[in-house]
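Subject: Structure handover

Hello,

Here is the structure for you to take over. My notes follow below it.

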Amino acid sequence: MRTPSIMIAMLCLVMAVTACSSGSSNTTDKKNGAVSTSSNDAAKKAEQAAEGTAKTVDMVRVAGSDVGYPSPFAFSPSGPFGYLRNSLIFDTLTWKDDSGVIPWLAKSWEISTDGLTYTFKLEDGVKWHDGEAFTADDVVFSFNYYKTYPFNWNGDIAQIKSVEKIDDLTVVFHMNNSYAPMLSDLVGIVPIIPQHIWEQVTNPIEYRDEKALVGTGPYQLAEYDAAAGQYLFKANENFFKGQVIVKELAFVSASDKLLALQNGEIDAAYTTNYGDVQTMVDGGYKSIKSEPAGSIVRLSFNLEHPQLSDKRLRQALAYAMDRAEISSKVSGAEPMVGNAGVVPTDSPWYNKNVKQYEYNLQESERILDELGYVKNEKGIRDGLKLSLMTSSNKQDSIMIQEMLKKAGIELNLVHLDSAAFTVALGENKYDMVLSGHVGASGDPDFLRLWFSGKASNMWSARGKSLDLEQFHEIANLQMKEMDETKRHEYINQLQDILAEELPTLALYHRPFYHIHNPKVFDYWKNTYGGIADGMPLWENKVFLIDVKQ
């Protein structure tokens, strides 16, 4: 790969997107992410004309790192960037732009009144990168293949009963039950793969033939250097959705992202520190704040721990932490204190009446006294020594340690490298764990996935299910509820349960900031609700394309 670079950053371009529809085609409602059965939703999108076609750009270089081989089975699931690299090569039936769910490989769809059948009309004339024709057979094959060899990210395949080919350009999905986030969080996440390549592959994780990266997407991988953490993608000049604007897209690494940007070694990067934003904007660069924030920094408690299994102790810990102070000092911006019910406070699904834990040291100490953890002559509560495991966020953990010390709680900090952290997380070998990750800005079904152990992102779920029957009953009800008002009620109830039980404590919701050189590329935008299942980033392929109207 050619140029040095820095952390990670993303790219987006301003254009309207085709949204042809027929019959009772459906989109996802922009305000709440619920499925709408309006027959005109997709048609209205088709009427949105581009304000002006952007000029092509030879190359855009964005900050990045190694996130694995970008096949659907081999990229790293430890964060969103592996998925995003993969999405440049492979396409899904639906996708998202700045207004919500849009048609992609499927140009229109119809949903039965009971929500159990989805009929998708596919784009005609789509070619795989090797020139073979894309057809309904590939769609049927893909979802059957993933049942045996799971896709390396989210997308609840278990909701699908079967996929049926009607003709070369029509497929029908038969569901086990109605599934509210079908369009955004299933067929909008899971990529379609070519049957003629994968039908003979029985070990997809290790499959590294060049055919493993044959997709229908706007880019093809030209270079990949795992050691350097660098990627070079080249435009697919025959992309079915339209002309690809950025001809070469490079992801490169740098030890100092701001310096690399200032030196012209990269064209874009992202940061979570508002101080970086102020410095770079003063220097003539532009910045975009992720909206909604979409990222969460949280404590997860080991509910099998003999002391932390008592929710009263977890609540006492929550009262002992000044989360507004942690948020403001770490981010350098206006604090966005975490919701005890987990859903971010800037989400349309946020329950404004949910129980919260404002900083209250006296209340924390009252509960600790009630639990029998009495302070000794040194001010330390006997019999209560806890550990906090983290692989990053050192500033956060030190602040937590000092705040708990004021309540008489001795907290041991355990900093592990990423590999050891992952192992300990999977084996449940911790008292409390501090993590930061994305995925909280999309459809609220993430609550079900996170707390039933079904989320693929290792930071989101540790593979263990919350032992709380009431939560899972309501989580399944909201998943099936197609009426958005009723679904809101269920999501509110889930937040109430999480706020009371506190299996995890959201410390704060952090916005990301995209910093870029506008002289190179100035068409960045936020994706509504985040890319796919809630990634508040800018690496959205739809904005790199002059989409056909």
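Start with the contacts. Of those in the chain with a separation of 6 or more, 74% are between residues 24 or more positions apart; a contact means heavy atoms within 4.5 Å.

This is a predicted model, in which local features need pLDDT of at least 70 and side-chain atom pairs count only at pLDDT 80 or more, while totals for chains, interfaces and linings use all residues. Residues are numbered from 1 along each chain as its sequence is written, and side-chain values use heavy atoms, with hydrogens and water left out.

**Overall**

The chain has 15 helices and 22 strands. These are DSSP runs numbered from the N terminus (helices H or I, at least four residues; strands E, at least two). The chain has 549 residues, and 60% of them count as buried. Buried means under 20% relative accessible area, exposed over 50%, and partly exposed in between (1.4 Å probe, protein chains only).

**Helix 12**

Helix 12 spans residues 418–426, and Phe421, Ala424 and Leu425 are buried in it. They sit on the same side of helix 12, because they cover an arc of only 100 degrees around the axis. The arc is taken from the directions from the helix axis to the C-beta atoms. An α-helix has 3.6 residues a turn, so residues three or four places apart point the same way.

The cover over the buried residues of helix 12 includes strand 17 (385–390) and strand 19 (432–438). Exposed Ala419 and Gly426 are on the face turned away from the buried side.

Asp417 caps the N-terminal end, with a side-chain oxygen 2.8 Å from the backbone nitrogen of Ala420. Just after helix 12, Asn428 takes a positive phi of about 65 degrees.

Ser300 lies in strand 16 (residues 295–301). Its relative accessibility is 14%, so Ser300 counts as buried. Leaving out residues up to four places away in sequence, Ser300 touches Tyr430, Asp431, Met432, Val433, Pro503 and Thr504. Take Asp431: Ser300 is 131 residues from it in sequence, yet the C-alpha atoms are 8.6 Å apart. The Ser300 side chain also makes a polar contact with the side chain of Arg298, at 3.5 Å. A polar contact is a pair of N or O atoms within 3.5 Å; within protein, one must be able to donate a hydrogen and the other to accept it, and residues adjacent in sequence count only if both atoms are side-chain atoms.

Ser331 belongs to helix 9 (residues 323–331). Ser331 counts as buried because its relative accessibility is 5%. A polar atom of its side chain lies 2.7 Å from the backbone oxygen of Ser327. Beyond neighbours within four places in sequence, Ser331 is in contact with Thr272, Asn273, Tyr274 and Gly275.

**Backbone geometry to check**

Most residues other than glycine have a negative phi, and most peptide bonds are trans. Here are some exceptions.

- Val342 has a positive phi, near 80 degrees. It is in the loop between helix 9 and helix 10 (361–370), and counts as buried at 1% relative accessibility.
- Ala532 has a positive phi, near 55 degrees. Its loop runs between strand 21 (513–516) and strand 22 (545–547). Ala532 is buried, with a relative accessible area of 3%.
- Glu291 and Pro292 are joined by a cis peptide bond, with omega about 0 degrees. Pro292 is in the loop between strand 15 (286–289) and strand 16.

**Glu199**

Glu199 is in the loop between helix 5 (195–198) and strand 10 (219–225). At 41% relative accessibility, Glu199 counts as partly exposed. Glu199 and Tyr145 are 54 residues apart along the chain, with 8.1 Å between their C-alpha atoms.

**Cavities**

How many cavities of 30 Å³ or more does the structure hold? There are two. A cavity is a set of points, on a 1 Å grid over the protein atoms alone, where a 1.4 Å probe fits but cannot get out; lining residues have an atom within 4 Å of a point. Grid points are joined across faces, edges and corners, and the volume is the space filled by probe spheres set on the points.

The second largest cavity holds about 40 Å³ of space. Its lining includes Glu291, Pro292, Ser441, Asn526 and Met535.

Best wishes

Definitions and conventions. 1 Å grid on protein atoms, 1.4 Å probe; cavity = no way out; pocket = protein on both sides within 12 Å on 5 of 7 lines; lining within 4 Å.
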